[in-house]
Amino acid sequence: MNNREQVVEAYERLGGNVSAAARELGLARSTVYHHLAAAGIQIDKPIAEGRINERDIDKMPLPKKGQIARYILTSAQNNTKVNAKVWESLVVLANHYEALIFVGTFTYNMNRYGQLSVKRGTQKEKQSELWYDPDVVVHLYDNRIELAPGLHWCGEMNILPTAIDPLCGFETYTGTASGIFPHAKFAMRSVPSGSKYESAKMNYTTGCVTQRNYVAKKSGLRAEHHHGYGGLVVEVDHYGNWWVRQLNATDDGEIHDLTIMVKDGKVVENERVEAISWGDVHVARLDPLVNAAAWDEGGMLDALKPKYQFIHDIMLGIVTNHWESQNPHERFRRYCKGGQWSSLSAEIRGAVDFLKRIKRNWCETIVVDSNHDRPWIERWLRETDGRNDPRNVVLWLKLQLALYEEIQKCPDHRDFNILAYALKMEGLPDKHAEFLKRDASFPITKAKIECGMHGHLGPNGARGNASNLRRLGRKANIGHTHDAGIWDGLYVAGISCTKDLGYNEGPSSWSHSHIVTYTNGKRAIVTMRDNRWRA
């Protein structure tokens with residue numbers, strides 16, 4: 001076989017991919033083009049064209065007064081059958097909600113990998129036509145559409161399903177509007193878009209309804225692992241307010257959305273959820289609207305009836321804040337404001353009142369060991385001379401004595417939680433809440449989702465953040481960053497406090513977002529708007 005015949009054979013075997021043929025044969029692409037032209041093979045190239053204006057954006061009408069518009073958004077891969085159970089559940093849920101279904105498409109070229117470039121036994125038959133499962137074709141919508149003011153469906157986007165971070169680079173793509181992008185995995189990012197008092201911009205991916213269909217190479221196998229069945233549900237009221245939640249499905253099609261479960265083609269209502277991981281509380285600056293929507297009678301807690309509720313950063317740590325302890329202006333500002341701003345006892349009493357208020361007999365309250373809580377109090381006792389703080393010196397002495405006595409009793413143990421001791425000293429009843437010890441683990445559901453981490457501690461002594469904690473190899477729910485998001489198996493809650501904590505300045509990506517974990521181990525992030533957590 002001469003060189004020209006080798007080029008033609010490789011080109012045809014690799015599905016007409018010139019670049020792949022050039023790589024396999026170790027030739028320049030121009031050389032491959034030359035041999036193909038000499039062999040009489042015409043390479044089709046796209047006709048030159050362009051676009052002067054940006055793509056048009058369609059708009060969905062707002063619902064009539066008192067009504068709610070709902071959309072279910074998902075995605076589908078080319079030349080791949082749907083997961084029939086997942087698709088059935090989404091259709092059943094859409095009928096239950098009277099929701100429209102939009103399916104965005106993405107392409108993945110399986111033909112580019114020849115027999116010699118994949119694992120034995122994984123070679124797939126080449127296909128020459130682009131097609132999508134007939135079940136979803138009627139729902140395909142590959143255009144940009146404004147679902148509500150400030151929320152765009154970016155159906156025009158075609159992102160490779162093997163992308164590790166599919167939302168990377170889209171921070172400004174929709175301007176200040178939030179964006180929903182069709183993709184095979186679930187991801188979510190909070191993006192600063194203006195003043196810290198404005199709502200943060202949110203970008204989402206949808207998950208998909210088509211089966212796992214990847215090349216058995218590194219990027220394909222990694223994408224297969226993070227492949228997410230399901231979609232998103234969007235609710236819009238007549239004012240244009242909107243809410244987005246993940247519809248994360250199991251392989252056999254079970255989908256939960258708040259108190260609704262869809263399984264085997266049936267809708268089951270009034271289902272309890274497994275847990276709510278609330279956004280960081282910081283009770284001294286608790287947002288009154290969030291406070292009412294979450295914990296008032298009939299609020300989110302009573303509606304979802306979780307078995308567990310996880311509290312992150314119950315304290316703001318106004319007195320124990322080591323960042324401001326050397327700032328005489330801030331110390332004087334706290335002194336002038338009085339109350340909990342200058343009295344640790346007052347802030348602790350506020351935390352006690354909060355824990356009493358949110359107590360439910362059917363729900364366990366778990367206080368996660370968080371950096372504003374025990375660590376800050378211990379640092380305050382370790383580094384501050386209480387004699388210079390008349391307003392707090394008595395409490396400082398009491399806590400010092402308790403800590404020293406505990407060390408004397410168990411010098412090898414570090415399990416004493418000084419925050420729990422202080423709260424009980426100020427009147428918190430026993431067994432009102434469980435306080436996790438440092439480095440404690442609290443896995444929930446059969447999926448063993450770790451809920452015992454706050455997020456301030458990273459691997460091997462590093463500071464914690466979503467980037468390093470997403471690599472733990474296990475699913476986890478955390479708080480700490482105040483930036484709600486989904487990073488592979490890591491879900492991050494936002495805040496329950498106000499968006500102005502005194503120390504944060506400039507544009508903010510903080511949001512009033514909470515993690516809901518369902519009994520089957522799937523999760524969703526619920527973001528509040530004003531005093532509402534759903535439409």
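Of the 535 residues of the protein, 54% count as buried, where buried means under 20% relative accessible area, exposed over 50% and partly exposed in between, with a 1.4 Å probe and protein chains only. This is a predicted model, in which local features need pLDDT of at least 70 and side-chain atom pairs count only at pLDDT 80 or more, while totals for chains, interfaces and linings use all residues. Residues are numbered from 1 along each chain as its sequence is written, and side-chain values use heavy atoms, with hydrogens and water left out.

**Overall build**

- The protein has 14 helices and 24 strands; these are DSSP runs numbered from the N terminus, with helices being H or I of at least four residues and strands E of at least two.
- Along the principal axes, the C-alpha atoms fill a box of roughly 95 × 55 × 45 Å.
- Among contacts with a separation of 6 or more, 68% join residues 24 or more positions apart; a contact means heavy atoms within 4.5 Å.

**Surface and charge**

- The 68 positive and 63 negative charges have mean positions 3 Å apart.
- Lys and Arg count as positive and Asp and Glu as negative, leaving out His and the chain ends; each charge is placed at NZ of Lys, CZ of Arg, CG of Asp or CD of Glu.

**Cysteines**

- A disulfide is a covalent bond between the sulfur atoms of two cysteines.
- Here a disulfide is taken as a pair of cysteine sulfur atoms within 2.5 Å, and the count comes to 0.
- Cys451 is in no disulfide, as the nearest cysteine sulfur, that of Cys363, is 12 Å away; Cys451 is buried at 1% relative accessibility.
- For Cys497, the closest cysteine sulfur is in Cys451, 20 Å away and too far for a bond. Cys497 is also buried, with a relative accessible area of 0%.

- Helix α10 (residues 344–357) has 14 residues and reaches 20 Å from first to last C-alpha, close to the expected 20 Å; the expected span is 1.5 Å times one less than the number of residues.
- Helix α10 is mostly covered, with 10 of its 14 residues buried, including Leu344, Ile348, Val352 and Phe354.
- His35 lies in helix α3 (residues 29–38) and counts as buried at 14% relative accessibility.
- Leaving aside residues up to four places away in sequence, His35 touches Asn3, Arg4 and Val7.
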